[in-house]
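Biologist: Please walk me through this model one feature at a time. Give me the reading rule before each case.

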Amino acid sequence: MESNHSMVPQTKGSIQSDIFSGLTVALALVPEAVAFAFVAGVSPIVGLYGAFMMSIITAIFGGRPGMISGATGAMAVVMVHLVKEGNALGAAGANAGLQYLFVTLLLVGVLQAVAGAARLGKFIRMVPRSVMMGFVNGLAIVIFLSQLNMFKANGEWLQGTPMWTMAALVALTMALLFLIPYIHAKAPGALIAIIGVSVLVAFAGIDTETVLSFIQSNGGAGIEAGLPSFAIPQIPFTLETLIFIAPYALILAAIGLIESLMTLNLIDELTQTHGHGNRECIAQGLANFVNGLFGGMGGCAMIGQSIINITSGGRGRLSGIIAGVALLFFILFTSEYIEAVPIAALVGVMFIVVIKTFAWSTFKIMNKIPKADFIVIVLVTALTVIFDLAIAVLSGVIVSALIFAWQNALRIRARKEIDEHGIKHYKIYGPLFFGSTTLFASKFDIQNDPDEVVIDFEESRIMDQSAIEIINKVAENYLQVGKHIHLRHLSPDCIKLIKKAEKICDVNVLEDPDYFVSVDNYRKLQESI
């Protein structure tokens, strides 16, 4: 993603930049929150409440200033099944699915906060670079495809004038976003572009879809509402309820943390700063818990809005706070103005996000990196588009781990020599673990070896139980044919697990005083020499 770095201004940020970028993000959050609410099968206001609460709480308590959280598609596609099944469990027309969603968010919040307190955020380091590139590429494609739905009406592509109008306004917004930085580097380009296109549409009387018409076409009434109110979810708190919501809570918590931590890493790279993963886990948990109590749909970090924020100059916590507060202000007081914003202007902003999110360096390095890494990039990209982020990242990590294990399994080797006393020495190099045990066993010529054999592990590392078992097996095979075997330079924990260790494990005191020492056996070996 090296090419992306140059597209993000490397500034320390300012209060002014945070305010303008926060306002821009707030505008971009509206259609996203509404769209994801419809995906989840809940009211648009539930999505908007979720977005503003996630944004404010994670901005204040999170581990990555400048990162934006809100209602996300990755979690919405899981919520839709939860809501449907919850509705089936309740009385007809009781809307029990929404209540089950709220109580699930309470458990999600607890699980995420526990993960942060247990410092599990550090495991994001286990995500390879190839998986990270596949993640951003896949997410860029997902964002792009989601915006194409805005070019449809009632499930059908726009035709004729409406399509040309939509395309022209999107192109105008993108052009403004490219040109404004050249006119004034610190100007809030996205905000100016959205306002400019909105004014043009209003004064020229251009007939195009707005935020209001988008909401109405999806069965909603608008974004105007009051403040969210505290309420305990109205469902029976029983073991059956826990059994029902627990799997959903685990999946939602995992998806939320994976997407948030991956986004945190990406923003770290783009801003050349360092966030705190464990703190972010706790903040995400707190935000989702509050959503469950105040009627929001919850969510996690949003890569699209986060990139809008940092490219607009937002670096501090203030930007996320402003985004959340502004979104609430829109809901309470200025809904009619926000509802008049053309969808095309917001689509144009998101298309720029797609361009800045995609790791274009993938095409430059595809012939320079190992084929296995390129396969992982393509795999994660495809799975992100076809399924979801959690499946894609977990699959990518597993495949990368298997590739790593296979490559290391081939690195086990043995240098063989027979000294002047007729004793054969096997000096082992490389890691000995489940993947390399077969190759390790093939190194020994038990039938033709002399009566005295030394296996030296000074340049090797015993990694797991499979390695211990194969060492035992090789030792037993030598003993069964009446030959003496000596294992040297094994660590204390390995020696404890080796059968007949007191007879065959020897350590040279002078060469390696930190290892377990069996002086008597060492003397016996010296006497045999």
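**Reading the model**

Biologist: Asp 449: buried or exposed?

Modeller: Rule before case: buried means under 20% relative accessible area, exposed over 50%, and partly exposed in between, with a 1.4 Å probe and protein chains only. Asp 449 counts as buried, at 4% relative accessibility. A caution on what you are viewing: this is a predicted model, where local features need pLDDT of at least 70, side-chain atom pairs count only at pLDDT 80 or more, and totals for chains, interfaces and linings use all residues. Residues are numbered from 1 along each chain as its sequence is written, and side-chain values use heavy atoms, with hydrogens and water left out.

Biologist: Where is Asp 449, and which residues does it touch, leaving out those up to four places away in sequence?

Modeller: Helices (H or I, at least four residues) and strands (E, at least two) are DSSP runs, numbered from the N terminus. Asp 449 sits in the loop between α19 and β7. For touching, the rule is contact: heavy atoms within 4.5 Å. Beyond residues up to four places away in sequence, Asp 449 touches Lys 424, Tyr 426, Tyr 478 and Lys 483. Its C-alpha is separated by 9.6 Å from that of Ile 418, 31 residues apart along the chain.

Biologist: And Ile 446: where is its place?

Modeller: Ile 446 is in the loop between α19 (437–441) and β7 (452–462). Ile 446 is buried, with a relative accessible area of 17%. Not counting residues up to four places away in sequence, Ile 446 touches Asn 477, Tyr 478, Val 481 and Lys 483. Ile 446 and Ala 475 are 29 residues apart along the chain, and 9.8 Å separates their C-alpha atoms.

Biologist: Now helix packing. At what angle do α12 and α15 pack?

Modeller: Axes are lines fitted to C-alpha atoms, for helices over the stretch in contact, and angles run from 0 to 180 degrees between N-to-C directions. Under 35 degrees counts as roughly parallel, over 145 as roughly antiparallel, 65 to 115 as roughly perpendicular, and the rest as oblique. Helix α12 (residues 303–311) packs on α15 (residues 343–357) at about 90°, and the axes are 9 Å apart. So the two, α12 and α15, are roughly perpendicular to each other.

Biologist: Which residues in α12 and α15 meet?

Modeller: From α12 come Ile 303, Gly 304, Gln 305, Ile 307, Ile 308 and Thr 311; from α15 come Val 349, Met 350, Val 353, Lys 356 and Thr 357. By class, the contact of α12 with α15 has six nonpolar, four polar and one charged residues. The classes: Ala, Val, Leu, Ile, Met, Phe, Trp, Tyr, Cys and Pro count as nonpolar, Asp, Glu, Lys and Arg as charged, and the others, Gly among them, as polar.

Biologist: What span should α15 have at 1.5 Å a residue?

Modeller: The expected span of a helix is 1.5 Å times one less than its number of residues. For the 15 residues of α15 that gives 21 Å, which agrees with end C-alpha atoms 21 Å apart. As for burial, 14 of the 15 residues of α15 are buried, so this helix is largely enclosed by the rest of the structure.

Biologist: How far does α13 reach, and which of its residues are buried?

Modeller: Helix α13 (residues 317–332) has 16 residues and reaches 23 Å from first C-alpha to last, close to the expected 22 Å. Its buried residues are Ser 319, Gly 320, Ala 323, Gly 324, Ala 326, Leu 327, Leu 328, Phe 330 and Ile 331. The cover over them includes α2 (15–40), α3 (44–61), α12 and α14 (335–338).

Biologist: Backbone next. What is phi at Gln 272 and at His 489?

Modeller: Gln 272 has a positive phi of about 55°, although it is not a glycine. His 489, also other than glycine, has a positive phi near 60°. Gln 272 is in the loop between α10 (239–271) and α11 (277–294), and is exposed, with a relative accessible area of 58%. His 489 lies in the loop between β8 (484–488) and α21 (492–497), and counts as buried at 3% relative accessibility.

Biologist: Last, the whole chain. How many helices and strands are there?

Modeller: The protein chain has 23 helices and nine strands. Its C-alpha trace spans about 100 × 60 × 45 Å along the principal axes. The radius of gyration is taken over C-alpha atoms, and the globule rule is 2.2 Å times the number of residues to the power 0.38. The chain has 30 Å, whereas a compact globule of 529 residues would have a value near 24 Å. Buried residues make up 53% of the 529.
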